[in-house]
Amino acid sequence: MRHIYSQFRLDGRVISCTPTGGGHINRTYLLVTARPHLYILQWLNGQVFTNLTGVMHNVVAVTEYLHARGSDDRSALTLVPTHAGKPYLLTPEGDCWRVYEYILDSVCLDVAESAEALRQCGVAFGMFQRQLADFPADTLVETIPRFHDTPNRFRDFRDAIARDCAGRLASVRDEVNRFLAHEGEAGMLLTLLESGELPLRVTHNDAKLTNVMLDEATHAPLCVIDLDTVMPGLVAYDFGEAIRSGACTAAEDETDLTRVQCSLTLYEALTEGFLSGCGDRLSRKEIETLPLGAKLMTLENGVRFLTDYLNGDTYFAIHRPDQNLDRARVQLTLLEDMERKWADIQAIIGRYMP
């Protein structure tokens, strides 16, 4: 590790390097120097992100843009250059390393302690949209190709059904049919993008509470982190993912489906925060399609979980049998609850429509 971090322009001699964070993709370490000065050192997973230079191109472009327009150093992640002046390190073995300044006097919540906490999550991702509204999204690399191409996710799903390589199809026919009943909705957002009714935006694509840094004293949002999935997309993707992960009343792999609901209280808190953070930078059509984004992100994730279950659990990490099936059932239950509450959801959006 010393060979790695010694190649960056650090303030002082490193006295400790310890693993930190709960991420499952990259490896993250906390560096402390004798000054003292704190840094975050990260190794990027090249198996998940096959275009590492593309990932870092996006991170550099977005963070530099945000810093050029922000007054608080904590309003965006700050990359520390190597001694060669590069924003990241590529080793001869093909590994990619980077160092960020540690965001001082900040906190990151694992779960929403209240509706207000989720509102602040919405504010953070809304601010992200407002700050990057004029950024040329088409100059960013698609770091995970077809990531939110929901029709393509259904094609993968139908392929998994046809192959039934793990012999599990017979036991999940009901879930399969309920997901397939929504296939006609899968391409609705992409159709609006292709017709020009929705603009291409810079999107985070993992918009959840654990990727928001809050001020330690006030709990006001400072910035969003984990920018490796930042790429061109639709604003409804980020709103939808925030709702899917934040407005659900149960864990993602809950086995008691009676506990799974779409909380209208949390839905409204996040909506109010998100739209207040966006300011006046969204079109009316974008705002109208936010609930559709929540439905499609829930549908897409559910289909992905069930696809992986049918394929024998080859993609998502599991810690017990049938965990991917439970994840799929939670998403399906959440989706169907959204549909039952659709009139209430539309009313929530209407209350915050400019």
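**Sheet, helices and their labels**

Author: In this predicted model, five strands make up an open sheet with antiparallel pairing, ordered β1-β2-β3-β5-β4.

Reader: What makes β1 and β4 edge strands?

Author: A pair of strands needs at least two bridges, and β1 (14-19) and β4 (89-90) each pair on one side only, so they are the edge strands.

Reader: How do you know that β3 and β5 pair?

Author: Strand β3 (residues 38-44) and strand β5 (residues 96-101) share six bridges in the antiparallel sense, and since the definition asks for at least two, they count as paired. Within this pairing, I40 stands opposite Y100 in β5.

Reader: Why is the length of α8 said to agree with expectation?

Author: With 1.5 Å a residue, the 15 residues of α8 should span 21 Å, and because its end C-alpha atoms are 21 Å apart, the two values agree.

Reader: How is the packing of α7 and α8 described?

Author: The axes of helix α7 (residues 235-246) and helix α8 (residues 264-278) come within 10 Å and cross at roughly 145°, and the crossing is right-handed. The contact involves V235, F239, A242, I243 and G246 of α7, together with L266, Y267, L270, T271 and F274 of α8.

Reader: What classes of residue make up that contact of α7 with α8?

Author: Eight of the residues are nonpolar and two are polar, with no charged residues; Gly counts as polar.

Reader: Which residues of α8 are called buried?

Author: Among them are L266, Y267, L270 and F274, where buried means under 20% relative accessible area, and what covers the buried residues of α8 includes α3 (115-131), α7 and α10 (290-310).

Key: Residues numbered from 1 in each chain as written. Predicted model: local features only at pLDDT ≥ 70, side-chain atom pairs only at ≥ 80, totals over all residues. Heavy atoms only, no water. Axes fitted to C-alpha atoms, helices over the stretch in contact; angles between N-to-C directions. Helix = DSSP H or I, 4+ residues; strand = E, 2+ residues; numbered from the N terminus. Left-handed = near helix turned anticlockwise from the far one by under 90°. Contact = heavy atoms within 4.5 Å. Expected span 1.5 Å × (residues − 1). Buried < 20%, exposed > 50% of the residue type's maximum accessible area, 1.4 Å probe, protein only.
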